[in-house]
Amino acid sequence: MDKYATPQISDRVYALGATDWKRRVFDALAPTPIGTTYNGYLVKGDNKTALIDTIHPDFRDEYFGKIEQLLGSTPVDYVIMNHAEPDHAGAIPDVLDKFAATLITTKKGAELAGLYYNVPQDRIRIVKEGDSVDLGGKTLTFHPSPFIHWPETMLTYLPENKLLFSCDFFAAHNTSGLFDDEADDVILWAKKYYGEIMMPLAKMGRMAMDKIRKLDVEMIAPSHGPVYRHPETILAEYTRWTNQMTKPKALIVYVSMYKHTERMVEVFVEILRNKGIEIRVFDMVGTEPGELAEHLVDTRALVLASPTVLGAMHPLIQYAGIMIKTFKPPLKYGMFINSYGWGKSASAHGAEFFDSAKIENVGIIEVNAAPGEEDNQNLREAAAVLADKILADT
Ligand code: FEO
């Protein structure tokens with residue numbers, strides 16, 4: 001029995017990836033509660049063999065064991081670097097040491113391969129849109145897609161198999177199965193990943209989707225998570241996400257010190273719910289800001305709720321605000337609700353946040369200490385105004 005699992009995912013295409021069961025956070029930002037996978041692939045032509053990306057360097061021994069198991073003494077001829085981040089490109093120096101292979105990447109990729117991995121430029125072949133390499137009965141065509149993620153990012157297509165190697169595009173930190181039809185919560189995990197990584201660059205993602213639509217894609221092999229052998233669903237979701245289509249949905253992000261702000265949030269929740277708005281509520285005490293990314297992908301409105309602390313929004317709300325701006329979500333409408341003691345200045349900061357995040361400021365509600373009946377009525381009316389804005393957009 002073979003030592004390693006090297007499943008054939010398509011004719012003469014093998015998965016070489018590793019599962020990092022223990023990893024609990026990615027980019028020091030995104031929660032990965034069930035770990036992640038680092039997917040690499042091997043394509044065997046009649047004459048030549050190519051690796052599609054490599055592996056996180058922590059898994060290099062396993063990776064080389066898999067290559068040897070599949071190839072024996074046959075060499076690797078090409079390494080395709082779709083993306084230069086170390087979780088996929090980190091083993092490139094080892095591969096180039098072991099094999100007299102050529103690294104294929106974009107012009108920017110060549111620069112980053114030199115910078116990160118000291119790859120000599122004479123080991124690199126630079127490709128541009130539509131270039132290809134013939135492996136003998138298998139062809140790899142290259143489609144640079146800068147800034148769908150990093151500037152060097154490229155998609156690689158194998159027309160004989162109608163297979164797209166998409167690197168981080170369509171990826172997911174999902175360790176629950178090799179194929180989409182074997183894995184759990186495929187779209188949920190993909191949406192989290194999109195929110196964390198791809199959402200800030202949605203315009204470039206749209207351009208990549210236009211490019212992908214012109215290819216005849218029956219399988220997508222990304223760099224994390226399951227291989228899509230039924231790619232229609234993820235393609236449809238990515239079309240919606242990259243087009244920044246939002247739902248009648250509101251995200252309520254709050255912190256409460258004496259439950260005054262929380263009581264204000266509760267009024268909002270009731271009204272928005274009664275108006276048929278889908279809502280998600282996050283108390284930032286105990287919420288990792290990375291958890292917000294998934295919900296920002298298709299949410300139309302944001303309610304920020306904070307007490308005043310030393311003349312500003314609570315630091316956890318400031319932090320959440322920084323994260324939300326970083327993710328560049330398609331939020332359209334915002335409302336700030338605030339409970340203050342002796343100073344109102346947090347509200348000015350709330351307004352500044354919406355301005356700088358290019359979110360329409362629908363209103364600011366301030367309450368001195370605990371909300372009374374008149375305050376609650378103001379909150380109900382404000383929530384109704386926000387709900388009408390959200391619904392008018394559908
Ligand atoms: Fe999975 Fe951008 O590296």
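Helix axes are lines fitted to C-alpha atoms over the stretch in contact, and angles run from 0 to 180 degrees between N-to-C directions. On that basis, the axes of helix H5 (residues 186–198) and helix H7 (residues 232–242) come within 11 Å and cross at roughly 35 degrees. The model is a predicted one, in which local features need pLDDT of at least 70, side-chain atom pairs count only at pLDDT 80 or more, and totals for chains, interfaces and linings use all residues. Residues are numbered from 1 along each chain as its sequence is written.

**The chain overall**

- The protein chain has 12 helices and 22 strands; helices (H or I, at least four residues) and strands (E, at least two) are DSSP runs, numbered from the N terminus.
- The C-alpha trace of the protein chain spans about 80 × 40 × 35 Å along its principal axes.
- Of the 394 residues in the protein chain, 47% are buried. A residue is buried if 20 or more other C-beta atoms lie within 10 Å of its own, exposed if 12 or fewer, and partly exposed in between, with C-beta atoms placed from the backbone.
- Among contacts between residues at least 6 apart in sequence, 71% join residues at least 24 apart; two residues are in contact if their C-beta atoms, placed from the backbone, lie within 7 Å.

**Helices H5 and H7**

- H5 passes H7 in a right-handed crossing, a term used if the near helix is turned clockwise from the far one by less than a right angle.
- In this contact, Ile187, Ala190 and Tyr194 of H5 meet Thr233, Ile234, Glu237 and Trp241 of H7. By class, the contact has five nonpolar, one polar and one charged residues; Ala, Val, Leu, Ile, Met, Phe, Trp, Tyr, Cys and Pro count as nonpolar, Asp, Glu, Lys and Arg as charged, and the others, Gly among them, as polar.
- Ile234, Tyr238, Trp241 and Thr242 are the buried residues of H7. Seen down the axis of H7, they fall within an arc of 85 degrees, so they line one face of the helix; the arc is that of the directions from the helix axis to the C-beta atoms.
- The cover over these buried residues includes H5, helix H6 (202–213) and strand E16 (219–222), while the face of H7 turned away from its buried side carries the exposed residues Glu232 and Ala236.
- Gln244, with a positive phi near 55 degrees, follows H7.

**Helix H4**

- In helix H4 (residues 107–117), the buried residues are Gly109, Ala110, Leu112 and Ala113. They fall within an arc of 170 degrees seen down the axis of H4, so they line one face of the helix.
- These buried residues pack against helix H3 (92–98), strand E10 (102–105), E11 and strand E14 (154–158).

**The open sheet**

- Seven strands form an open sheet of mixed pairing, in the order E1-E2-E7-E8-E9-E10-E11; two strands pair if DSSP finds at least two bridges between them.
- Strand E1 (8–10) and strand E11 (124–126) stand at the edges with a single partner strand each, so one side of each is left without a neighbour in the sheet.
- E1 and strand E2 (residues 13–15) run antiparallel and are joined by two bridges, with Ser10 opposite Val13 in E2.

**Phe327**

- Phe327 is found in helix H10 (residues 315–327) and is buried, with 20 other C-beta atoms within 10 Å.
- Not counting residues up to four places away in sequence, Phe327 touches Gly195, Met199, Pro200, Ala293 and Leu296.
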